[in-house]
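The following exercises concern one protein structure and are each followed by a worked solution. Please inspect the sequence and the model before reading on.

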Amino acid sequence: MIAISGTSLLNPHGLAAQTETGPQQIQSLPIFDIFNKVENSVVQITTSVPPITAPNPDREQENQTALGSGFVYDENGHIVTNNHVVANARIVDITFIDGNRYTANVTGRDVYSDLAVLKIVENFTQGELAPPLTLGNSSELKVGDQVVAIGNPFGLEGSITTGIVSQTGRLLPLEETGFSVPDAIQTDALINPGNSGGPLLNMKAEVIGVNTAGIFPGNIGFAVPSNAVQRIVPVLVETGNYTHPWLGMTGGPLTSDIAQREGLERNFKGVIVDTIVKDSPADKAGINGSITNQYGERLGGDIITAVDGNPVIRMEDLISHLETERSVGQNMTLTIYRDGNVLEKQITVGERPSAMPYLTRAPQPTP
């Protein structure tokens with residue numbers, strides 16, 4: 001990064017004007033330069049997984065190989081990838097673009113954000129590994145910003161795809177947990193199997209996301225935002241796990257038929273509480289869920305209109321605020337509409353419980 005410094009100058013109006021002394025704004029780089037700058041720091045991750053079919057007693061079956069991507073996080077040999085890339089593995093193989101191979105331990109994993117941290121086992125000399133990639137600020141992304149994805153789709157090492165930010169602030173459901181990753185980045189940069197765990201970069205060659213999922217057909221990709229990496233990965237490096245805040249309820253959009261049934265204005269905004277986990281923070285705070293009558297209609301249920309004074313229009317608003325602004329043990333205030341009255345409910349944020357059993361369908365948004 002280049003810094004410009006200089007002495008004060010006089011402008012035509014006789015006022016002192018000083019040249020920029022802070023870091024110079026990094027200009028957008030050509031895609032070719034971005035690739036050359038980061039390709040050595042993107043790795044292929046190889047894990048061995050048991051065969052899916054039942055073993056043949058008459059013949060020993062070999063483990064299958066699963067491939068994914070990752071990138072160098074620091075100079076100590078830590079690699080960031082997706083949790084689902086390393087699955088239940090404890091030891092994986094790391095291959096750099098120059099063919100150098102290393103063994104790595106899975107030293108930290110967070111199933112709720114789908115992030116994992118690996119640590120290279122072998123001794124290496126200073127400067128032997130490629131330099132760490134720079135993390136950018138994903139909150140600065142705007143729809144239409146150009147992005148670049150680098151990884152190893154279908155084992156094709158060092159592949160690059162380009163696209164734009166299709167939208168930010170998406171909820172990315174994780175079926176194996178029953179929870180969702182907030183503030184996910186949606187992109188049309190092609191994300192294929194094997195890209196998972198690789199970096200999504202802005203045009204300054206900064207990592208602004210970790211490529212996680214793709215929808216086919218449709219060419220829709222999703223990435224865990226870099227701000228989540230900034231928040232979670234240092235804790236995974238230090239302790240091996242990350243504690244997420246939890247309220248213990250599910251909810252959904254306030255539809256027009258629900259609004260009409262409750263006698264609300266057509267454009268009344270909020271989310272309706274669906275279910276409450278027994279003895280959860282939401283339960284202890286007296287939040288009410290909805291019930292379903294014999295006709296399949298949802299009745300009742302508190303309508304959340306704000307969290308800590310910030311408007312709640314979608315579940316994304318509530319989940320994002322909980323995840324990024326609150327920690328276990330802190331208090332937060334929900335503004336709710338119930339039976340024609342506006343109430344303030346204070347909740348003491350709890351610790352998210354162990355992952356739920358695998359679900360066969362996408363869960364509702366859960367904070």
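**Exercise 1.** Determine which residues Pro353 touches, not counting residues up to four places away in sequence.

*Solution.* Step 1: apply the criterion for contact, namely heavy atoms within 4.5 Å. Under the stated exclusion, Pro353 touches Tyr112 and Trp246.
Step 1: Pro353 belongs to the segment after strand 24 (350–351); helices (H or I, at least four residues) and strands (E, at least two) are DSSP runs, numbered from the N terminus.
Step 2: classify its accessibility. Buried means under 20% relative accessible area, exposed over 50%, and partly exposed in between (1.4 Å probe, protein chains only). Pro353 counts as partly exposed because its relative accessibility is 34%.
Step 3: consider separation along the chain. His244 is 109 residues from Pro353 along the chain, yet their C-alpha atoms are separated by 8.8 Å.

The model is predicted: local features need pLDDT of at least 70 and side-chain atom pairs count only at pLDDT 80 or more, whereas totals for chains, interfaces and linings use all residues. Residues are numbered from 1 along each chain as its sequence is written, and side-chain values use heavy atoms, with hydrogens and water left out.

**Exercise 2.** Describe the aromatic pair that Tyr112 and Phe179 form, and state which parts of the chain the pair links.

*Solution.* Step 1: recall the criteria. Rings of Phe, Tyr and Trp (its six-membered ring) pair if their centres lie within 6.5 Å; planes under 30 degrees apart count as stacked, over 60 as edge-to-face and the rest as tilted. The structure holds three aromatic pairs.
Step 1: apply them. Tyr112 and Phe179 are edge-to-face, with 5.4 Å centre to centre and 90° between the planes.
Step 2: locate the partners. Tyr112 is in the loop between strand 7 (101–110) and strand 8, and Phe179 is in strand 11, 67 residues apart, so the pair links distant parts of the chain.
Step 3: Tyr112 counts as buried at 8% relative accessibility, and Phe179 is buried with a relative accessible area of 2%.
Step 4: look for a charge over the rings (NZ of Lys or CZ of Arg within 6 Å of the ring centre and within 35 degrees of the ring normal). Arg352 lies over the face of Tyr112 at 4.7 Å from the ring centre, and over the face of Phe179 at 4.3 Å from the ring centre.

**Exercise 3.** Identify the strands with which strand 20 (residues 303–307) pairs, and decide whether its residues are covered.

*Solution.* Step 1: two strands pair if DSSP finds at least two bridges between them.
Step 1: strand 20 pairs in the antiparallel sense with strand 17 (residues 271–276) over two bridges; here Ile303 stands opposite Ile272.
Step 2: with strand 22 (residues 331–338), the antiparallel pairing of strand 20 comprises four bridges, and Ile304 stands opposite Ile336.
Step 3: strand 21 (residues 310–311) is also an antiparallel partner of strand 20, over two bridges, with Ala306 bridged to Pro311. Two residues lie between the strands of this hairpin, in which Asp308 takes a positive phi near 50°.
Step 4: strand 20 is mostly covered, as five of its five residues are buried.
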